[in-house]
Amino acid sequence: MISKKYLRLSRYVLIIALVLVEAALAGSIFSRRGVGLLRYRDNVRAIGMGGVGIALNDSIAFYFLNPASLTRINLTRIQGDFRYERASIDLGAGDNGLLSDGGVNSLGLAIPVKHGQVVALGVRPYSFSDFQFLREDSTGTESLSSLGGISELYLGYARQLGAWRVGATADFYFGRLDRIWRLNHESSEIRNSEDVLNRQVTGVSLHFGAQIQPGPWRFGSAMGLPTRLNVTTELNTLPGFTGVIGKSKLKLPFWWSAGLGYAPNRRWLLSADYRTQKWGSVEPAELLGDRGADSFELSFGGEYITSVDALSGYYKRVSYRFGGNYQQLPYEEPVGKNVKQLTVNFGLGLPFGRGYNRIDFAVELGKRGNLTDNLVKENIVLVHVGIIGSERWFQRPKRR
Amino acid sequence: MKLKRKIAGPLPLFGVGCLCLLFTLACNNDKTIPLSSGLADPAQLGQRRQATTVVGLDSTASKVVNTFGTANLWVGKFDNLESRFLLRFAKLSLPDTVTVVAATLKLHGILAQGKGADFDATIHQVTATTAWDSAKVTWGSGNFPVDFNSAPMNTQRVSAVKGDSIIFKLDPVVVSSWRTVDGRQQGVLVQAPGATFMKAFGSHFSTPKQPVVELITLKRGNTKNDTTRFSPTVSIFLFQRLSALRQGPLYTGLGEQHVSTLFFDVSAIPKNVTISRALLTLEVDTLNSVFYSNRLDLQLSYIGPIAIPNYNFNPLRFEPFGSYQDTLRTAELDTVGAASQQVTFAITSAVQQWVADSKNNLGVVLFPISFSARDLARAAFYSRETAPARAPKLQIEYTLPPQ
């Protein structure tokens, strides 16, 4: 009875989140280039392990980056995650800033249609841009802010082929990036202005993945095809000018990743991933006027469960996760200087509902950029909470 | 039951608690990044620009209009204008048994314009057989529009001291005739053809400085005179221009009504800008202006779309006294006086519309609205023709959106 109650609760939480879905933004001064900062992961378990996941799979949660991981799903899964992010900005010389935000990050649904075949549908953030500059003096204020991001609606399919797990996902990109320049004058004789440059992005891409699990080892790889998204740029000004001022393309370059995992027993799991994307090959004209830089990400992490026995005490079934992540962001800041991000990650996996469902909790602590090269540094804290519930759809109950 | 509790655990509630914590954390105040940090990409910022446009087309249309309603009755000559005034009185309610022994008309001096020696003003009986219409009568040029007896009833010396009053003696016979009921009482005219300046006396609107007639009467059988005082029911001054007004400056005036039209070409400014401020400045041409002690209130209106099919608008052809008057839009106000060097109108909203669509740009019309100085005050401004360097200018501050 109690487990059903919790199931219903988790379902309601997810439904409410779905209704209120709005890509969670987060402030970062580094999000002012191109399409903003990219989000590669939406799986809280993976985040707790430093971002690994290419080689891993899970019967409860699924990993967006490698659709092959879906094959382990044997019950219909509804997963969603919430995120809070805070960036303390150090500008040097005692100047600083603080940007923070939180909200729904992603929602997903995975449905096993046959044994070893799973389809998945979900929406997740691809990028975000959120910052605000402000000048205040006796004549008034001037601000430049950005709000918005690109979201991704994905439709994935995965199946078991012998020892291999393979999967493919169609990614439908959509979103809007607003850059707002405001002038507010103290004098009532001078009219205030607000110019909103909004870029609406749409497009499609595909990504694929494969996994194999020989003994205690796990190997996985995934790649995403390059694509050109359609960008419609519209200008809206306070006096009432509204018009499309340009149409262009936004190129998302090819990416690939590889992962390695090792599970010496059912309680320990260790993994490492590498991912790279050639943003440096994208011309500024196809990156909203900004210059890209080749990005890469190196992550490692582990997970420990005291007991995998379903009848053992609750706290023995909690998963403890740790990891680290080092990445180079896809933009130069300033031109010629790469931006590095380093985080240490921790997480917990809290099972409920007979162990079929889980709440994942992850914290990332780290920094982006440095004052010497990038003239600005961010100390970042990200908190993620993921809820995964289960249902039995399209599966006949076994006869007794 | 014990087993179930162990399996389910209390953790979902813990998760919900974490969510609440996240939302609470998200509700703190961010601290924005100073724009002065230099980290903002200049290309993402818009630009503030300024532009100055000299008037493209300007013109003045003039017309003598009816001056009824003013506080001043002008007589004399000034600024190549000659002015006279008319007074009309109510039917005199004196019985036949009362005789008018003597009558005087007192006029209170208010203003003087121009310089010159004292002059003689004469008062005449109006002999017109048709009543003059105070709301329509004008002079303008040529013969005086109302017939009068050229033989004056009386002559008085008018001084340039603005507060000096004069008292005309009226012919008792003429005044006695005002009690007839045949409707031919047309009042009196005051003129001064030999004047060297112009003097204003209070009109019937200028309480307590309105004209006053004082009658000395004697009732049949009595030996003691009675005194009766009354004021005119209608008074108005009429003027004619003795020589043409100097062409070139842009004029505004109400008695001799001048309306100026100005057109600025703002097509060089992109359509998508925000006009922060647009100031139209006109420099006052004091040599060609006529100001009283009161300042002249000016109104600037935008000419709205003209609903005439295929009408090719040209501000120089705009007829400010015609039916297009009702196309005028939102007014901007300012005042101008003898000490003014320039007048400025904020026309930000209009320029925003002009920039957005050049079809909206039909120019502006400048005219005075001061009823207290409605008569012969006139403001002149430098035009493209008279002084290109001092011609009306439109200074526009605007913001160019980020590209």
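Analyst: What follows goes from strand pairing in chain A to the sheet and domains of chain B. This is a predicted model, in which local features need pLDDT of at least 70 and side-chain atom pairs count only at pLDDT 80 or more, while totals for chains, interfaces and linings use all residues. Residues are numbered from 1 along each chain as its sequence is written, and chains are lettered from A and ligands numbered from 1 in the order in which they are written.

User: How many bridges join S14(A) to strand S15 of chain A?

Analyst: Strands (E, at least two residues) and helices (H or I, at least four) are DSSP runs numbered from the N terminus, and two strands pair if DSSP finds at least two bridges between them. Here 11 bridges join S14(A) to S15 (residues 338-352) of chain A, and the two run antiparallel, with Asn325(A) standing opposite Thr343(A) in S15(A). These two strands form a hairpin with five residues between them, and Gly336(A) in the turn has a positive phi of about 100 degrees. S14 (residues 319-332) of chain A is also joined by 10 bridges to the antiparallel strand S13 (residues 295-305) of chain A, where Ile305(A) stands opposite Ser319(A).

User: In what order do the four strands of the open sheet in chain B lie?

Analyst: The order is S2-S24-S18-S21 (chain B), with antiparallel pairing; the edge strands, S2 (47-54) and S21 (342-346) of chain B, each pair on one side only. Neighbouring strands are turned by 20 degrees against each other on average, direction ignored, where axes are lines fitted to C-alpha atoms, for helices over the stretch in contact, and angles run from 0 to 180 degrees between N-to-C directions. Eight bridges join S2(B) to S24 (residues 393-400) of chain B, and Thr53(B) stands opposite Leu394(B).

User: Which strands does helix H4 of chain B lie across?

Analyst: Two residues are in contact if their C-beta atoms, placed from the backbone, lie within 7 Å. Helix H4 (residues 348-356) of chain B lies across S18 (274-283), S21 and S24 of chain B, running at about 115 degrees to S18(B).

User: What does the domain assignment of chain B give?

Analyst: Domain bounds come from an automatic or database domain assignment, which for chain B gives domain 1 (47-64 + 254-400) and domain 2 (72-241). Their contact takes seven residues from domain 1 of chain B and 10 residues from domain 2 of chain B.
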